Amino acid sequence: MSLFSYIMRRVLISLLTVFVVVSITFFLMNLMPGDPFIGNKAVPKAIKDNLYAKYGLDKPLFERYLMYLGNLAKGDLGMSMTYKNQKVINVIKQAFPVSADLGIRSLIFGVIGGLLLGVIAALHHNGPWDTTATLLAIIGVSIPGFLIGTLVQYIFGFLFSNVIKDVFNTTYQLIPIARWEGFRYTLLPSFALGFSSLALTSRMMRTSMLDVLHQDYIKTAKSKGLTPLQVTWRHTIRNAILPVITVLGPMTAAIMTGTFVIEKIFAIPGLGKFFVQSVQMYDYTMILGLTLFFSTFLIFMNLVVDIAYGFIDPRIRLAKGKA
Amino acid sequence: MAKKVALFAVVLMALLASCSNVGGPAVNLNINLGNEPPNLDQHTTTDTISIQLLSLVVEGLVRYDDKGGYMPGMAEKWEVSPDGTVYTFTLRKGAQWSNGEPVKAEDFVYGLRRALDPVTASEYAYILYPIKNAQAVNEGTLPVDQVGVAADGNKVIYTLERPTPYILSILNFPTAMPGNQAFIEAQGAEYASEADKHLYNGPYTIKEWLHSDKIVLAKNPKYWNAKNIALDTITGYMIADSNTSITMFFNKELDLVGVPGTRLQDFTDKGYATPTYSDGAVFYLEFNTLDPVLANAKIRKAISFAVDRAGFTRNVLMDQSQPAMSIVAPYISSGAGSIFRDVVPQYFNDHDVAAAKAMLAEGMEELGLTELPSFSMISDDGDRAKSMAAAIQDMVRTALGVEFTVDPMPFKARLQKMTDKDFQIVFAGWGPDYNDPMTFLDMWTTGNGNNHTSYASPAFDDLILKATNETDLAARLEILKAAEKMLMDDMPIAPVYFRMRNWAFQENISGVVRRNVGPDPDLYWTVKK
């Protein structure tokens with residue numbers, strides 16, 4: 001089986017998975033007590049009937065399910081029930097690129113930084129570098145994002161930037177407190193969002209490196225007379241990085257589709273808030289649209305990771321082995 | 001306390017006559033909307049962010065002035081028939097939509113019909129029901145052209161079901177605003193979804209709308225009163241996190257900001273004043289009167305009297321909110337030329353433990369109970385809502401010695417339980433729709449969808465009906481008083497507090513009007529030096 005047919009098979013399985021996920025979400029969502037049009041102010045029954053008719057909620061559940069699938073087949077995700085005149089697809093189209101932009105920046109910071117930190121820590125096992133890296137990792141894992149976000153916002157966006165303003169006698173805001181308008185604006189949220197991935201990646205990389213460093217083939221490589229750099233690069237990192245690659249798929253999917261807390265603190269117009277809001281507000285069409293989008297993206301990222309294995313570790317042959 | 005808070009906290013109303021900014025640099029006001037406006041379609045919108053924005057970009061026949069009354073909007077003048085049921089508005093000449101088309105009387109007729117059309121499914125359509133046949137049209141039993149509005153040249157004529165003292169307040173609501181039929185129909189379902197999919201006739205137009213990020217309003221040069229509009233642009237950011245917006249305010253990136261009780265000290269430390277205003281909302285416990293124990297009014301009163309409202313506002317809310325021992329909020333008009341709460345006192349003493357214990361004993365005797373009853377309350381599951389519920393729980397337990405449990409749940413689940421009457425006690429609130437005591441009273445009539453208590457008093461229903469039909473305003477006020485008193489005697493609800501809010505503004509800002517009914521904050525008169 002060639003790589004092409006492998007990918008084709010995976011795509012077919014993925015489509016089926018997405019279908020099942022959307023179907024389960026559809027029925028679970030409708031099991032929740034309450035509905036989109038129940039609010040603090042009750043509306044007269046006639047008006048509720050009008051609303052139900054407008055959004056097709058007056059029809060039996062299964063008929064609505066079939067209608068939704070029918071519309072989906074035509075590429076129509078419907079109108080949001082909270083942002084009443086916005087198409088769900090337009091919301092995703094506008095918000096996803098922002099979340100993805102922020103996500104990629106924080107992944108670059110988090111993953112590259114984390115790998116470096118992990119490698120250094122492992123190579124200096126029990127030394128001061130190791131302690132520093134471990135400490136950073138513990139901070140990153142245990143301090144929640146909203147705290148780091150608010151903290152860096154206050155320290156750099158407010159205190160530090162105001163010192164700069166005073167020193168240079170200008171009104172130029174060196175590091176903005178919030179919002180999303182250019183490179184300067186990306187610094188704090190990328191750091192705040194990437195910090196936990198940095199912690200996670202460095203911890204995994206360190207553990208995995210230490211494991212590999214004790215293997216016999218490393219001793220062999222050393223006794224062959226390879227330089228420490230060659231040993232580290234060609235034998236240690238290449239073997240140690242595989243577990244990290246595994247988590248990279250879901251991590252990328254989760255970070256690139258937006259995070260509620262960081263986007264809220266930095267007022268970034270990304271996708272994160274819609275995941276939370278749509279469930280709180282019972283915005284049925286938005287819940288389904290985002291579920292569909294997220295699950296597709298997650299499956300795609302996992303596929304990318306599986307293919308990447310083949311390039312990094314020649315022992316893994318996708319085409320012959322199981323997926 | 002009450003005197004400290006003006007009905008309309010008009011801040012430093014400055015020299016309005018000479019505020020036009022000719023030739024100087026463009027003046028931009030930065031505000032925080034807090035979230036993306038969910039729906040800028042005037043006929044279907046329901047939320048406060050959209051209503052605030054719409055008041056700046058779409059104008060109805062009249063608008064609220066800065067002193068609690070009304071001023072001409074698209075209408076130059078209006079007349080009321082002697083029996084108070086026909087209102088004739090004369091449109092001003094030369095008013096235009098932002099696409100250059102004139103604002104016609106037909107636009108008001110179309111707007112009203114669209115809002116009431118069952119196909120539009122407008123949630124707030126019921127606010128228009130005082131207009132003749134509006135309810136029947138909205139329920140689909142009459143065709144839309146039967147609603148009591150007509151265009152006659154440059155006149156719009158509304159016929160009402162009965163005299164309605166607060167009708168201007170209703171005609172000022174977005175649901176009653178005009179619409180340009182050709183434009184709205186051309187946009188279809190996506191009308192009002194983007195800056196260029198909307199038409200404007202108000203003091204501002206929407207120049208730029210970046211969803212969930214910011215919205216930029218630009219002064220509308222075609223607006224009839226443009227010479228008195230001082231700001232060139234208003235930028236509304238959508239910052240959901242209140243700590244972020246406060247940091248931006250301290251950094252002078254925002255000109256106005258809301259101040260939660262917990263942050264008041266920070267503002268005082270930095271030298272900012274934090275004026276208080278009423279947003280008109282009242283919060284209360286609703287008792288399910290279908291519950292065998294809570295069916296007894298004395299038991300309900302026992303719980304109500306046990307609540308320490310002053311302690312609650314001071315220690316739990318930590319802001320300037322006021323203890324509520326009545327249901328009509330402060331600063332609401334009486335409908336007869338005064339403020340209702342100024343002429344009608346509150347009904348019982350706050351935190352009257354002795355009375356509470358007596359009521360409990362009498363109630364138990366009436367019910368033939370020998371053991372103390374236990375109660376459970378549902379509340380929202382946010383941190384703040386949970387701490388509020390816990391405080392009520394503690395107060396009732398301590399005062400009465402009864403078991404009192406709290407069951408926090410998500411917002412929509414709580415609403416569903418309230419609708420299904422599947423609760424004993426619930427912590428809920430209400431904000432006024434129009435400036436009249438009726439907006440707090442008629443919801444407690446038998447079978448009203450907002451009356452989750454199942455309170456059913458033919459005498460109370462009768463008072464509300466009488467007040468609705470009473471044309472003499474002084475007599476009407478007496479009936480409304482009697483209705484509120486009856487509600488407090490029967491106590492299906494235990495009022496807890498009237499919400500007060502604080503805000504701050506930069507020192508070069510003046511003329512921001514805060515209101516408890518209608519668009520808030522109103523930036524029509526705002527000046528930035």
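Two strands count as paired when DSSP finds at least two bridges between them. Helices (H or I, at least four residues) and strands (E, at least two) are DSSP runs, numbered from the N terminus. With that in hand, hello everyone, and here is a pair to begin with: B:Tyr204 has B:Lys219, in β9(B), as its bridge partner.

A word on what we are looking at. This is a predicted model, in which local features need pLDDT of at least 70 and side-chain atom pairs count only at pLDDT 80 or more, while totals for chains, interfaces and linings use all residues. Residues are numbered from 1 along each chain as its sequence is written, and chains are lettered from A and ligands numbered from 1 in the order in which they are written.

Let me stay with that strand pair. β8(B) and β9, residues 214–219 of chain B, run antiparallel and are joined by six bridges. Further along, B:Ile206 sits opposite B:Leu217 of β9(B). The two strands make a hairpin with three residues between them, and B:Ser212 in the turn has a positive phi of about 60 degrees.

What does β9(B) pair with in the antiparallel sense over five bridges? That would be β10(B). One facing pair there is B:Val216 and B:Thr235, the latter in β10(B).

Now step back to the whole sheet. It is open, with four strands of chain B in the order β1-β10-β9-β8, and its pairing is mixed. β1 (28–32) and β8 (204–210) of chain B have a single partner strand each, so one side of each has no neighbour in the sheet. On average, neighbouring strands are turned by 20 degrees against each other, direction ignored. Helix α1 of chain B, residues 48–57, packs on this sheet and touches β8, β9 and β10 (233–237) of chain B; its direction makes about 135 degrees with that of β8(B). For angles like these, axes are lines fitted to C-alpha atoms, for helices over the stretch in contact, and the values run from 0 to 180 degrees between N-to-C directions. Touching, or being in contact, means that two C-beta atoms, placed from the backbone, lie within 7 Å.

Chain B has another open sheet to show you. Four strands lie in the order β4-β5-β7-β6, with antiparallel pairing. At its edges are β4 (75–80) and β6 (149–152) of chain B, each pairing on one side only. Here too, neighbouring strands are turned by 20 degrees on average, direction ignored. Four bridges hold β6(B) to β7, residues 155–159 of chain B, in an antiparallel run, and B:Ala151 faces B:Val156 of β7(B). Helix α2 of chain B, residues 105–116, packs on this sheet and touches β5 (86–91), β6 and β7 of chain B, its direction making about 165 degrees with that of β6(B).

One residue of chain B deserves a stop. B:Leu400 belongs to helix α12, residues 383–400 of chain B. Is B:Leu400 buried or exposed? It is buried, because 22 other C-beta atoms lie within 10 Å; the cut-offs are 20 or more for buried, 12 or fewer for exposed, and partly exposed in between, with C-beta atoms placed from the backbone. Leaving out residues up to four places away in sequence, B:Leu400 touches B:Ala302, B:Ala306, B:Ala356, B:Lys357 and B:Leu360. B:Leu400 and B:Ala302 are 98 residues apart in sequence, yet 7.9 Å apart in space, C-alpha to C-alpha.

Over to chain A, which has 13 helices and zero strands. Its C-alpha trace spans about 85 × 70 × 30 Å along the principal axes, and 37% of its 323 residues count as buried. Take helix α7 of chain A, residues 183–213: a straight helix of 31 residues would span 45 Å at 1.5 Å a residue, but this one spans only 40 Å between its end C-alpha atoms. The expected span is 1.5 Å times one less than the number of residues. α7(A) has a kink of about 35 degrees centred on A:Gly194, the bend being the angle between axes fitted to the seven residues ending at a residue and the seven starting there. α7(A) is mostly covered, with 23 of its 31 residues buried.

Last, where the chains meet. 41 residues of chain B are in contact with 35 residues of chain A. On the chain B side, α13(B) gives the most, with six residues.
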